[in-house]
Amino acid sequence: MEDTLEIRKVVAASLFRSLQSEEGVKTQMEAMGQQAVAYVASQGMTDPKTQEVVRLASTTVVTYEEQVAFFSDLMAKLWTVDELEQLAEWYQSPLGKKAIAIMPQVMQAANAYIMPKVQTNIEAALKTLGQK
């Protein structure tokens, strides 16, 4: 198969879609929204309307198609057609399927670990600026 950027984008988009369903992305975005709501609640913003605005603002940042386009463009720049096809083949293996299945848990755990640290750092930085 010829190896052009446009062909890479098509192969990468197909790979992304096989790895990330629209429903899976929605679930990830909802988890991010819950984390954002928890953060604003920790800052004293407990009004349900405010929390819903924050949740919606967090979960509607990008559409599934925007993510497909972003990741396929990125992947096309980083891998050749042959490499993308090898990745697709690996993800069809038992280990690849397991990696796909557990990745949401891995990402949620990473976010749960990192976000409180980020929030603490932001709060400390704002205090030094006299913002809080």
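A109 sits in helix α6, in what is a predicted model. The residue is partly exposed, because its relative accessible area of 47% falls between the 20% and 50% limits.

**A109**
- Between A109 and Q43 there are 66 residues of separation in sequence.
- In space, the C-alpha atoms of A109 and Q43 are 22 Å apart.

**R8**
- Helix α1, which covers residues 5-19, contains R8.
- R8 has a relative accessible area of 19%, and it counts as buried because that value is under 20%.
- The side chain of R8 makes a polar contact of 2.6 Å with the side chain of D3.
- With neighbours within four places in sequence left aside, the contacts of R8 are D3, A76, K77, W79, T80, V81 and L84.

**The largest pocket**
- The space in the largest pocket comes to about 780 Å³.
- Its lining is made up of 30 residues, and those nearest the centre of the pocket are F16, Q20, Q28, F71 and M103.
- Two or more lining residues come from each of α1, α2 (22-42), α4 (64-78), α5 (81-91) and α6 (94-128).
- Helix α2 contributes the most to this lining, giving 8 residues.
- By residue type, the lining of the largest pocket has 20 nonpolar, 9 polar and 1 charged.

How values were computed:
Residues are numbered from 1 along each chain as its sequence is written. This is a predicted model: local features need pLDDT of at least 70, side-chain atom pairs count only at pLDDT 80 or more; totals for chains, interfaces and linings use all residues. Side-chain values use heavy atoms; hydrogens and water are left out. Helices (H or I, at least four residues) and strands (E, at least two) are DSSP runs, numbered from the N terminus. Buried means under 20% relative accessible area, exposed over 50%, partly exposed in between (1.4 Å probe, protein chains only). A polar contact is a pair of N or O atoms within 3.5 Å; within protein, one must be able to donate a hydrogen and the other to accept it, and residues adjacent in sequence count only if both atoms are side-chain atoms. Contact means heavy atoms within 4.5 Å. On a 1 Å grid over the protein atoms alone, a cavity is a set of points where a 1.4 Å probe fits but cannot get out, and a pocket is an open set with protein on both sides within 12 Å along at least five of seven lines; lining residues have an atom within 4 Å of a point. Grid points are joined across faces, edges and corners, and a volume is the space filled by probe spheres set on the points. Ala, Val, Leu, Ile, Met, Phe, Trp, Tyr, Cys and Pro count as nonpolar, Asp, Glu, Lys and Arg as charged, and the others, Gly among them, as polar.
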